[in-house]
Amino acid sequence: MSDRSHPPSLATPGDSAASALAVDAESPPAAAARREIVGRSPNQLAWLRLKRDRTARLSALTLVVAAIVAVCAPLLGWLTGIDPTDKFVDRLNDFGMPIGYAGGITTAHWLGLEPGSGRDILLQLVYGLRTSLFIAFASALLASLIGVTVGVLAGWARGWLDSAVNWLIDITLAFPFLIFALAVIPILEDRFYTEREAPSPAFRVALIIATFGLFSWTYTARLVRGQVISLREREFVEAARAAGAGTGHILFRQLLPNIWAPILVTVSMNVPQFIAIEAALAFVNIGVTEPTPDLGRMIYNSIGYVASDPWYTLFPGLTIFLLVLAFNLFGDALRDSLDPRSTR
Amino acid sequence: MSVLAAALVAAGCSPTTDSGGGGGDDKTKTQTGSISYEAADNQGPAKEVDGASRGGTLTIMQNSDFEHLDPARNYVNVQQVTGGLLYRALNGYKEDGSGNLLLVGDLATDPGKDVNDDCKVWQFTLREGVKYEDGSPVTSKDVAYGIARSFASNLNEGPHYIQQWLYPGGAYNAKYQGPYDGGKTGPDGIETPDDRTIRFTFPEPHCDMPYAAALPTSAPVPAAKDTRANYDLRPFSSGPYKVKSYQRDVALELERNPNWDPKTDPLRNAYPDTIRFTFGLEQAQIAERLVADAPADQAALSWTDVPPAVLPRTTTAGVVERVVKGPTQYTWVLNINTQRVTDLNIRRALNYAADKDAALKAIGGQAAGSPATTLMSPTTAGWKKYDVFNAPVTGDKAKVTELLGGKRPKLVLAHANTELRTQQAEAIRKNLTDMGFDIVMKPIESSSYYDQVGRRNNPYDLYLGGWGSDWPTGSTVIPPLYDGREIVAEGNNNLSYLNEPTISAEIDRVRGLPAVEQDAGWTALDEKIMREYAPVVPLYYDAAYELHGSKVGNAFLSDAYGIISLNGIYLKQ
């Protein structure tokens, strides 16, 4: 990755003509007669590049819309007067299939009804999106937090601590995630809840987030460790130490600002992965339980209906496809904007 | 992608109509379930089916392998119909799909002689000329041996009627544990004066003995061929087919038994040359293959119901004629754990609250069954419809509020964790919550579901259960399910744990009635239980919805077993 600690005018060819000298602080503008030269920090440059990228704009828009829709789910429920668990069984025929065109699309139910249960697809989708996005973001953040902490620890310390952390990373990578989840989630639920209590949906969600977080930090950790190892020998770190800076200052004020970019990209790539894996958990009965709406469980239930009611499969499938695509494209664009010299 | 688009357009352009279920007619066949001693009914050969032709290989596609084909361990309908091709019990069911269910003698010349007219001593005379697959004759001693070995504790999965009747008062094998390990050759009460006669003497009267003798328990097993726990793999054939090969969980192949004489058999036509069972296919996969009817699947059928997702594709011409559907002998009820829910008003309120329509639509609607109001199924002899509560099928909120009187009871609903049962449980939860209850859902691993709810001290309040009569009278429904004296620590069938001395006394009284009055007695007791105690919420009468290929002929739903009968089936050449 490129070296941000040196002025790019010495080391970075190919900067766009619009950006000028990039120094650590803004330099004063030149004479007004000439074209105004404005100093920009690396972050501002990255932001500009991102804004210019059309793919990034589109995918960011998609994500923002998804986030707004997910957050405002209760608003939609209030507007339509329907609860996501409401069953419109009278709109189902004798086989349990929704009556009408395209899986029951009407003015009252914009995306139709679920076969069998008669729930409104739009509301289930919107609430399910909320659950899935929340789990995916929280897991990504947790994984990054753990990864960064461990990575910095391993990269900074030498000797046995570094070896110990490497060993821990290897073990975590080797551990079968799905089997662990299948075993631990029901056991923990039984431990904390009696046979007559239902675990609150929040508990199951928390368990899923914890499991994802516990298993996905390794990539970030290795990445951060590599970065810290390469950066800790640099002159600016030596200079800081010579000036009397403690470990804390070096870690937080010198090193971390230089490694947040790849971490951000990793987070944005992880989120769609988590959305997909959380959907997969529904297939093995350890996803979010009924009656909490969940995108993954909806996809799982809808697969059998591909031939009989493809509209039921289409809407959640399309949603998850667009979401994952938007996240991946945005992550790509982010990486490009933060480091234009990285290979495509 | 274009296929999906085409499917979307196709599905979008034609509206799903309300009559997608095929009209919703309330066709519940009432079995007559009569016992026939007429010579015409009891004599072989079986009546020829119009247009039938001999030959061909019939394929039966199944989701999973049979657990037990051993006659002593056979208590599941698909196993009993398969076993019926391999061995012959004393009695059997003669049916032709028109609803006239006749019980006649299979190995025996007639359904059994009540020697002293007190229903305590029953005598069966075996037919002449019945031979095993190796040509040796079937004797009454083999029938006695077959029953004797069913007492062994490791062969205990089958029905225990005859065994219990021979040793009443206590566990069926408390006093006799079978001929192995030094036990007597046969239990007390069975005599075989000669090779063609077998006589049962019961301490108490049992007028249902002809029905019990139709269960596989009385199938003949030669002592020399008894492979004990391995008998499942290769029962020694006394029927029209014998086992050619059996690869567990893969395939079972049956070929003709050359020593079976059709003139001795009033029940079976045995048209196909070979019958092949394949296991391990997904339910949806089987249904799709039968709907598509490719040449390889035209001579095939399945006993697995069509799953809800494939149902809409069975209504088109070309497929709808190959659907075999109808009511079965199972009734599904929402059991209320009366040990925990002791307030009768709450139980009554639950009966008013239940939305049976939603519970059915969650698992396929009309194809899965029809809403129920009684404990016994309409297929039981003498069944009369009654409705104690007269609530609309979607529930009656006003009455519920009235009965609950301001309370909001918290109840735990346990369910099996399969996809369909989870959806059904969610439908019930939503329905009861809207009606004024606080429902907590608890999923249970489906393979141990009945074990869990069958424990007397289980922690749940509501759980679904299905029960089918072993033969079409109320005596195999009411006593096992609603007699409090049957309750044990584990393995209960009385899932509502109803323990009322008045009901137990009434059961004894009806049992003692003369045979002709028993049916009416059970029907009256059915209504009495619901009216006075409401220990369950009857949800629906089960229906079967099966498919067969276009080359399969004379496929009809057996009234006795609730699946496609194989006795008269043939393949169009």
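Tutor: In chain A, the axes of helix α10 (residues 247–283) and helix α12 (residues 310–338) come within 9 Å and cross at roughly 170°. Axes here are lines fitted to C-alpha atoms, for helices over the stretch in contact, and angles run from 0 to 180 degrees between N-to-C directions. Helices (H or I, at least four residues) and strands (E, at least two) are DSSP runs, numbered from the N terminus. α10(A) and α12(A) are therefore roughly antiparallel to each other, a term for angles over 145 degrees.

From α10(A), the contact is made by A261(A), L264(A), V265(A), S268(A), M269(A), V271(A), P272(A), I275(A), A276(A) and A279(A). From α12(A) come I320(A), L323(A), V324(A), F327(A), N328(A), F330(A), G331(A), L334(A), R335(A) and L338(A). Two residues are in contact if their C-beta atoms, placed from the backbone, lie within 7 Å. By class, this contact of α10(A) with α12(A) has 16 nonpolar, 3 polar and 1 charged residues. Ala, Val, Leu, Ile, Met, Phe, Trp, Tyr, Cys and Pro count as nonpolar, Asp, Glu, Lys and Arg as charged, and the others, Gly among them, as polar.

The model is predicted: local features need pLDDT of at least 70, side-chain atom pairs count only at pLDDT 80 or more, and totals for chains, interfaces and linings use all residues. Residues are numbered from 1 along each chain as its sequence is written, and chains are lettered from A and ligands numbered from 1 in the order in which they are written.

Now chain B. Most residues other than glycine have a negative phi, and most peptide bonds are trans. A cis peptide bond joins G44(B) and P45(B), with omega about -5°; P45(B) is in the loop between α2 (39–42) and β2 (57–61). N390(B), not a glycine, has a positive phi of about 55° and is found in the loop between β14 (369–371) and α10 (397–404) of chain B. N390(B) is exposed, with 10 other C-beta atoms within 10 Å; the cut-offs are 12 or fewer for exposed, 20 or more for buried, and partly exposed in between.

Chain B has 15 helices and 20 strands. Buried residues make up 51% of its 573 residues. Along its principal axes, the C-alpha trace of chain B spans about 70 × 65 × 40 Å.

Technical notes: Parallel < 35°, antiparallel > 145°, perpendicular 65-115°, else oblique.
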